[in-house]
Amino acid sequence: MQKDHGSSAPSTPTSARLRHRRRSNEFNFEMSKTNGNHLLINDHDKYKSMWIRACSSLWMLGGFLLIIYLGHLYILAMVVVIQIFMASELFNLLRRAHEDKRLPGFRILNWHFYFTAMLFVYGRILSHQLVNTVTSDKIFYKLVSKLIKYQMVICYFLYIAGVMWFILTLKKKMYKYQFGQFAWTHMILIVVFTQSAFTVANIFEGIFWFLLPASLIAVNDVAAYFFGFFFGKTPLIKLSPKKTWEGFIGASVVTTISAFVLANVFGHFQWLTCPRKDLSTGWLLCDPGPLFKPEYYPLPGWLSRWVLPWKEVAILPVQWHALCLSLFASSIAPFGGFFASGFKRAFKIKDFGDSIPGHGGFTDRMDCQMVMAVFAYIYHQSFVVPQDYTVEMIINEILRSLTLEEQQILYTKLGQILQKRMSDLITIFGGLLYDPHERSTKDSVSDEVDRGFSC
């Protein structure tokens, strides 16, 4: 009997390393050389994929709305979970089972760097909220104050410990793979935690500044899918064959209109507009501020007489900011998706993972969100937050930076300074008070000042 030469060929380490089982998210990009064959309008299974995508989208939407209702702390927990899934998908992208078997504990080292970065980023962002949460308990307050004070030192030595761990685990003939994984891990940390820092900051500035940008990206993605599904005929970019100009333009129009409407709807809920100053989960009540107070614009006479039943329309000032966010979400943020598409084509995979049916992995859903979160924070700090220092900003900085004892010293010194200024003013104008009645008035004012600061 003739032997099968394919099965009897000796296996070498090189060939064993090259042969691997195709994963579920791998994709053969050589199946077609033209973009047109990949358009959704030409896809025979498009209705089945649309149904799967719609069901998983509704499931995600329901869970997302529940978390939004529960509040800031639960949204933060959701962001952390999404980041862990994203990091896991990206870690697995360049991992090789053959090499990992020879490097026990190497995966643990990746997660060591990840959680060190998490401690550093969230410790810096949430220090103010954490201090405000434990101010009622002196023991916890002192403990938290010490941790915040030495947080950078702790994170630094944790990172150095990871570097030393990495150096001690270097093995001959594995150097290139290990240093590649080391560089890949740091790139993941930069990508994931850069956007996460801005996302968390947006949450505590008010859920509005997290929810609106995220909603605009979702609306743009859904609108682009449906416009491309029914009308897409002109390919948009080679990196993402299913993207079409019809979907891009239609999504831009829908996103702009949705931004104006959603900003008005979200702006009427204090739960969404009030910033959170601590890590509690209680209900929020605050002054909505001028951005969320309606301004009334009169309508032209012919329009109110023949078309609309009212003479003026109420618009929240934040709706104009929402239009700026919508322009970015529809025109620039999609390039985050194009970047991810090019990245996947470079590694010859269809999706980063298969955690979400019909959508791929969490990284596939967060590509545009990462770009949008950074822009939303920069826009909010540049054009929404007052540039001049306010009393509230100074007080927040004092609470964030000073311990309780230092705050008491500051209070005492500030009282002494103000008391001295009041005394100088009374001395300056004292020469004008000559009659006994006015002199008694001056003395009573001085007594009131002294009594106020002695409290």
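Arg96 has a relative accessibility of 45% and therefore counts as partly exposed. In this predicted model, Arg96 forms a salt bridge with Glu99, and the closest N and O atoms of the two are 3.6 Å apart. Glu99, by contrast, has a relative accessibility of 4% and so counts as buried, the cut-off for burial being under 20%.

The structure holds seven salt bridges. Another of them is formed by the side chains of Arg53 and Asp221, with an N to O distance of 3.8 Å. Arg53 belongs to helix α3 (residues 46–70) and Asp221 to helix α11 (residues 208–231), so the pair ties together parts of the chain that are 168 residues apart in sequence. Arg53 counts as buried because its relative accessibility is 16%. Asp221 has a relative accessible area of 27% and is therefore partly exposed.

A further salt bridge brings together the side chains of Asp364 and Lys344, at 2.8 Å from N to O. Asp364 is part of helix α17, whereas Lys344 is part of helix α16 (residues 334–346); the pair therefore ties together parts that are 20 residues apart in sequence. Asp364 and Lys344 are both buried. Salt bridges with shared partners also link Arg53, Asp221 and Arg365 into one network.

A bend of about 35° occurs in α17 at Cys368.

For the chain as a whole, 20 helices and four strands were assigned. Of the 455 residues in the chain, 38% are buried. Contacts between residues at least 6 apart in sequence were also considered: 73% of these join residues that are at least 24 apart. The chain exposes about 27800 Å², and 67% of this area is supplied by carbon and sulfur atoms.

How values were computed: Residues are numbered from 1 along each chain as its sequence is written. This is a predicted model: local features need pLDDT of at least 70, side-chain atom pairs count only at pLDDT 80 or more; totals for chains, interfaces and linings use all residues. Side-chain values use heavy atoms; hydrogens and water are left out. Helices (H or I, at least four residues) and strands (E, at least two) are DSSP runs, numbered from the N terminus. Buried means under 20% relative accessible area, exposed over 50%, partly exposed in between (1.4 Å probe, protein chains only). Contact means heavy atoms within 4.5 Å. Accessible areas come from the Shrake-Rupley method with a 1.4 Å probe; for residues, only the protein chains shown count as cover. The bend at a residue is the angle between axes fitted to the seven residues ending there and the seven starting there. A salt bridge is a side-chain nitrogen of Lys or Arg within 4 Å of a carboxyl oxygen of Asp or Glu.
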